[in-house]
Amino acid sequence: MPRLVFDFIEGAAGREVAAARNQARFDEICLQARVMEDVATRALSLEFLGESYRLPFGIAPMGLCNLSWPGADALLANAARSFGIPLCVSSAASSSIEEMRDLAGDKVWFQLYVAPPVEQSLDLVERARRCGYETLVLTVDVPQVSRRVRDLRNGFTLPFSIGGKQFFDFALHPRWSLTTLLRGAPRPRNFLQSGKANRFDRSASRAAADWDFLDRLRDLWKGRLIVKGVGSSADALKIKQLGVDAIYVSNHGGRQLDSAPAAIDLLPKVRAAVGPSYPLVFDSGVRAGEDIVKALALGADLVMIGRPFLYALGAEGGRGLASLIRAFSEDVSVAMAQIGAATIADIRPDALFGEEETAEDDRAAFMAPARKRA
């Protein structure tokens with residue numbers, strides 16, 4: 001893919017310290033191998049918020065996925081249906097809410113950004129309800145889009161502004177450029193209004209996603225509601241008390257606050273705050289199957305993955321995406337065998353090196369017994 005596009009996907013806020021920290025912390029966490037357990041057969045399926053999934057991970061919400069490869073949204077939807085995993089469709093997706101619901105089926109979620117005017121955001125919620133979405137994910141960690149140096153350096157704007165530098169970049173990647181030209185430049189499809197110019201403002205404040213809005217949304221949305229972008233234990237407890245169905249622990253892949261702690265360090269703190277049975281989703285920094293197992297051991301019920309799937313699409317289209325999902329699945333299964341876990345529910349804090357002698361009451365604070373074998 002062109003450098004401009006690759007940097008948009010891989011880039012992060014500021015000096016990109018938070019993005020690097022997310023991955024580095026996973027590398028520092030070790031799993032404790034166990035022996036002579038009955039792990040000849042292993043089940044990777046689970047239940048989350050009343051839905052059954054075949055694998056313990058899904059596809060995180062990402063805007064403008066069709067930049068990675070033309071038709072990427074459809075390929076992600078097909079993969080979600082084929083592998084039985086959740087797909088969270090971004091407000092800024094390259095395809096409409098309705099198209100993605102048709103393609104991905106009933107396991108699809110919708111992610112909401114609250115940008116002015118608020119009524120436009122609520123219209124997206126109503127559209128999602130009308131076409132059959134049952135899970136809504138409210139993102140709250142983008143009160144203002146952070147400065148991303150790579151995008152500034154490359155002149156990345158929406159819609160594309162093509163000068164000499166961008167033209168040269170696209171010319172060096174003819175397959176991507178010609179295919180994109182034939183299919184049309186990706187745009188945030190959900191913000192097109194009656195054929196008029198795109199009203200999506202990537203730099204607009206999204207601070208309207210406040211506590212009052214959450215109260216209002218909880219009253220309006222009768223389906224399952226998840227709040228994404230939570231890292232504070234105090235915030236997590238308040239969100240739980242407001243009747244939200246699940247919390248999504250994330251630091252936005254390091255794309256917002258460059259001084260943020262690694263998301264994986266926030267996960268056990270949030271788990272301790274909300275208790276052992278409250279549903280938690282996690283993303284940020286996951287790059288391997290063993291990372292998924294570590295997140296599950298630290299309190300996640302379901303792990304979502306973002307950038308790696310776009311890399312796979314950019315490298316090899318749908319075949320690359322399917323190959324990566326299978327690789328993650330195999331690595332999770334093998335890691336489970338090594339730590340003595342036959343089911344996802346068997347992945348507990350004592351799977352982490354150094355945790356096997358932790359007091360039982362401390363371990364219970366991190367455990368998620370609501371995670372079930374499907």
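Biologist: Where is the place of Leu64, and between which elements does its loop run?

Modeller: Leu64 sits in the loop between strand E3 (57–59) and H3. Helices (H or I, at least four residues) and strands (E, at least two) are DSSP runs, numbered from the N terminus. This is a predicted model, in which local features need pLDDT of at least 70 and side-chain atom pairs count only at pLDDT 80 or more, while totals for chains, interfaces and linings use all residues. Residues are numbered from 1 along each chain as its sequence is written, and side-chain values use heavy atoms, with hydrogens and water left out.

Biologist: What is the phi of Leu64, and is Leu64 buried or exposed?

Modeller: Most residues other than glycine have a negative phi, and most peptide bonds are trans. Leu64 is not a glycine, yet its phi is positive, about 55 degrees. Leu64 is buried, because its relative accessible area is 4%; buried means under 20% relative accessible area, exposed over 50%, and partly exposed in between (1.4 Å probe, protein chains only).

Biologist: How do I read strand E5, and how many of its residues are buried?

Modeller: In a regular strand the side chains alternate between the two faces of the sheet. E5 covers residues 108–112, and five of its five residues are buried. Val108, Phe110 and Leu112 point one way, Trp109 and Gln111 the other.

Biologist: In which sense do E4 and E5 pair?

Modeller: Two strands pair if DSSP finds at least two bridges between them. E4 and E5 have three bridges and run in the parallel sense. Cys88, for one, has Trp109 of E5 as its bridge partner. In the loop between H3 and E4 is Gly84, which is buried because its relative accessible area is 14%.

Biologist: What is a cavity, and how many of 30 Å³ or more are there?

Modeller: On a 1 Å grid over the protein atoms alone, a cavity is a set of points where a 1.4 Å probe fits but cannot get out; a pocket is an open set with protein on both sides within 12 Å along at least five of seven lines, and lining residues have an atom within 4 Å of a point. Points are joined across faces, edges and corners, and a volume is the space filled by probe spheres set on them. The structure has three cavities of 30 Å³ or more.

Biologist: What lines the largest cavity, and which residues lie nearest its centre?

Modeller: The largest cavity holds about 600 Å³ of space. Of its 35 lining residues, Pro61, Met62, Gly63, His252 and Arg255 lie nearest the centre. H13 gives the most to this lining, with three residues. By class there are 17 nonpolar, ten polar and eight charged residues; Ala, Val, Leu, Ile, Met, Phe, Trp, Tyr, Cys and Pro count as nonpolar, Asp, Glu, Lys and Arg as charged, and the others, Gly among them, as polar.

Biologist: What volume has the second largest cavity?

Modeller: About 60 Å³. Its lining includes Met62, Cys65, Leu76 and Cys88, and E4 supplies the largest share, three residues. That lining divides into ten nonpolar, one polar and one charged residue.

Biologist: What volume has the largest pocket?

Modeller: About 500 Å³. It is lined by 24 residues, with Val140, Asp141, Gly229, Val230 and Asp235 nearest its centre. E7 gives the most, three residues.

Biologist: What does helix H13 span between its end C-alpha atoms?

Modeller: The expected span of a helix is 1.5 Å times one less than its number of residues. For the 33 residues of H13 (307–339) a straight helix would span 48 Å, but H13 spans only 27 Å. H13 bends by about 135 degrees at Glu316, the bend being the angle between axes fitted to the seven residues ending there and the seven starting there. Just after H13, Gly340 has a positive phi of about 80 degrees.
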